[in-house]
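Please walk through this model, beginning at the ligand and ending with some backbone details.

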Amino acid sequence: MIQIDKSLIDALRESESIVFFTGAGISSESGIPTFRGKDGIWNKIRPEELANFNAFIRNPEMVWEWYNHRKKIIHEAQPNAAHLTIAEMQNHFKNVTVVTQNIDNLHRRAGSKTIFELHGNIERNFCINCKKFFNEELNFSAGVPKCECGGLIRPDVVWFGEYLPEDQFLGGEKAAISSDIFFVVGTSAVVYPAAGLVYTAKQSNSIIIEINIEETALSSMADYSYFGKAGEILPTILEEYRSGLKS
Ligand code: APR
């Protein structure tokens, strides 16, 4: 059983604004593969072949085949103890904000309310021409779905080389700046500008708590690092916090 520092629990007691900055690792216990690491997606598929606009224009069928495959895995997945604990934290702290790089919608399905999606959401789609959104299930019976304007419809996810949705990034940045505690859960923290938010929080004197199965590029700057599964460590932290409340 992992030992949680008493000073961290004390800091939690003093805190009102908690941010959870999450990556693919938080959904791995739900059966959704991560991108890097031993069984990572990018070990099998070259991102430039699938996760960028030119690849989509070159071969929209292949790109959609891949996103529909991922959507199927995501629909069969359930939020795990890590997602559920973060949602539960909303009952204990004034402001709990999720700033996620994940497109899998599992934080929302777990009951989290305040969520900034830095890399989009696989449940949304839009026309590359007129930017009209299509959030209903798309029909692929006639091939890649097209908008009435004739434009191709693409998933509303951020591809390599694309800008992050400004409102989501600014929302995440504001949350980082005003956070008392900034959890960094299940991310290799190598993709920018998302990973830069951790430094924004640090510069705003937020306490940085890293949870990962292994060391990352952030481990040296984190105030606390817990190496293990998020689905085990987050419930333990909440339990320790709650048990303190009783005594
Ligand atoms: N609990 C905690 N951490 C875990 C777990 C787990 N159960 N399983 C894996 N991890 C950690 C890995 O050690 C790794 O550091 O999660 C991290 C996942 O890192 P990546 O696969 O690089 O995913 P992420 O950081 O989210 O990638 C960022 O890159 O490919 C793009 O757009 C994509 O949003 C993604 C971005």
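Predicted model: local features only at pLDDT ≥ 70, side-chain atom pairs only at ≥ 80, totals over all residues.

Residues are numbered from 1 along each chain as its sequence is written, and side-chain values use heavy atoms, with hydrogens and water left out.

Around the ligand stand 22 residues, each with a heavy atom within 4 Å of the ligand. The closest are E29, R36, T187, S188 and N212. By class the shell holds seven nonpolar, eleven polar and four charged residues; here Ala, Val, Leu, Ile, Met, Phe, Trp, Tyr, Cys and Pro count as nonpolar, Asp, Glu, Lys and Arg as charged, and the others, Gly among them, as polar. A polar side-chain atom of E29 is 2.7 Å from a ligand nitrogen. Of the 740 Å² that the ligand exposes when taken alone, the protein buries 93% (accessible areas by the Shrake-Rupley method with a 1.4 Å probe; for residues, only the protein chains shown count as cover).

The second largest pocket is lined by 14 residues, and G120, D156, V158, L164 and P165 lie nearest its centre. A pocket is an open set of points on a 1 Å grid over the protein atoms alone, where a 1.4 Å probe fits, with protein on both sides within 12 Å along at least five of seven lines; lining residues have an atom within 4 Å of a point. Strand 4 (120-127), strand 6 (153-157) and helix 9 (166-177) each give two or more residues to this lining. Helices (H or I, at least four residues) and strands (E, at least two) are DSSP runs, numbered from the N terminus. The lining comprises six nonpolar, two polar and six charged residues.

In helix 7 (residues 81-89), the buried residues are A82, H83, T85, I86, A87 and M89, where buried means under 20% relative accessible area, exposed over 50% and partly exposed in between (1.4 Å probe, protein chains only). N80 caps the N-terminal end of helix 7, with a side-chain oxygen 2.7 Å from the backbone nitrogen of A82.

N105 sits between strand 2 (95-100) and helix 8 (106-110) and counts as buried at 16% relative accessibility. N205, also not a glycine, has a positive phi of about 60°; N205 is exposed, with a relative accessible area of 68%.

Key: Polar contact = N/O pair within 3.5 Å; in protein donor to acceptor, adjacent residues only side chain to side chain.
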